Amino acid sequence: MQEMSVFWLRAAAVLYAIGFLHTIQVAMRKGRSIFRAALGSFCIGVVLHLVAIVEASKAANHFPPQGFHNSVSLCALLVAILFLFLYSKYGFESLGVFLFPMVFVMTAIASLRAPIGQWSDPETRTTLLMVGVTQRDQGCSAPAASTGPNGPSTSSKRGRRPSALRSAAWSRH
């Protein structure tokens, strides 16, 4: 029964991720707003989140279920319901820029409560762990590697002089 609760919670987190993408889009100021799609997925995510909490309560035989992850999940649901109430009453779309990522992160943290079962082969576990760590390290070092002595590199060549003019300018000095 606990597995189904985690499944519904992870499904809600995936739907909340669309709201998180909306926040990134707003921060970058690119393209048309996806607020309507984010709001629709957020509403469906709230329903699935509620189902997850009811499932966890049934499994624990009391409400609210005890534990850190269940508390974070319940808090995320209450914040999501508060946002939907405020949006329906006042129409504050801008409040979603702050609350969409918060609810997403809280739900993602709460969905990590179910541990993965034992690995049948410890060598596979070690290999996958090393691949994951290597990928993470490469992802963290990539921004630092792309930064040269003159700051972050840009792909735009606008504002730069052609190499022939640049070499001619340097030869005069």
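Helices (H or I, at least four residues) and strands (E, at least two) are DSSP runs, numbered from the N terminus. Read in this way, the protein chain follows the pattern α-α-α-α-α-β-β-α along its sequence, which comes to six helices and two strands. The structure is a predicted model, in which local features need pLDDT of at least 70 and side-chain atom pairs count only at pLDDT 80 or more, while totals for chains, interfaces and linings use all residues. Residues are numbered from 1 along each chain as its sequence is written, and side-chain values use heavy atoms, with hydrogens and water left out.

Buried residues (under 20% relative accessible area, against over 50% for exposed and in between for partly exposed, with a 1.4 Å probe and protein chains only) make up 27% of the 173 residues in the protein chain. Contacts, defined by heavy atoms within 4.5 Å, can also be sorted by separation in sequence. Among those between residues at least 6 apart in the protein chain, 72% join residues at least 24 apart.

The packing of helices comes next. Two packed helices are described by the angle between their axes and the distance between the axes. Here the axes are lines fitted to C-alpha atoms, for helices over the stretch in contact, and angles run from 0 to 180 degrees between N-to-C directions. Helix 2 (residues 35-60) packs with helix 4 at an angle of about 35 degrees, and their axes are 12 Å apart. The crossing of helix 2 and helix 4 is left-handed, a term for a near helix turned anticlockwise from the far one by less than a right angle (clockwise would be right-handed). Helix 2 brings Phe-35, Ala-38, Phe-42 and His-49 to the contact, and helix 4 brings Phe-100, Val-103 and Thr-107. These residues of the contact of helix 2 with helix 4 divide into five nonpolar, two polar and no charged. In this grouping Ala, Val, Leu, Ile, Met, Phe, Trp, Tyr, Cys and Pro count as nonpolar, Asp, Glu, Lys and Arg as charged, and the others, Gly among them, as polar.

The structure holds 10 aromatic pairs; rings of Phe, Tyr and Trp (its six-membered ring) pair if their centres lie within 6.5 Å, and planes under 30 degrees apart count as stacked, over 60 as edge-to-face and the rest as tilted. One of the pairs, Phe-7 with Trp-8, is edge-to-face, at 5.1 Å centre to centre and 65 degrees between the planes. Phe-7 counts as partly exposed because its relative accessibility is 46%, and Trp-8 is likewise partly exposed, at 24%. The rings of Phe-20 and Phe-104 have planes at 25 degrees and centres 5.2 Å apart, so this pair is stacked. The pair links distant parts of the chain, with Phe-20 in helix 1 (residues 2-28) and Phe-104 in helix 4 (residues 95-110), 84 residues apart. Phe-20 has 29% relative accessibility and therefore counts as partly exposed.

His-22 lies in helix 1 and is buried, with a relative accessible area of 3%. Leaving aside neighbours within four places in sequence, His-22 is in contact with Ser-33, Ile-34, Phe-35, Ala-38, Val-97 and Phe-100. Thr-23 is found in helix 1 as well and counts as buried because its relative accessibility is 12%. With neighbours within four places in sequence set aside, Thr-23 is in contact with Gly-96, Val-97, Phe-100 and Pro-101. Thr-23 and Gly-96 are 73 residues apart in sequence, and 7.7 Å separates them in space, C-alpha to C-alpha.

Two loop residues give contrasting pictures. Ser-111, in the loop between helix 4 and helix 5 (122-145), is buried, with a relative accessible area of 6%. Beyond neighbours within four places in sequence, Ser-111 is in contact with Val-6, Leu-9 and Arg-10. Asn-61, in the loop between helix 2 and helix 3 (68-90), is exposed, with a relative accessible area of 70%. Phi of Asn-61 is near 65 degrees, a positive value in a residue other than glycine.

Finally, the cysteines. A search of the whole structure finds zero disulfides (pairs of cysteine sulfur atoms within 2.5 Å). Cys-43 counts as partly exposed at 33% relative accessibility, and Cys-75 is partly exposed, with a relative accessible area of 37%.
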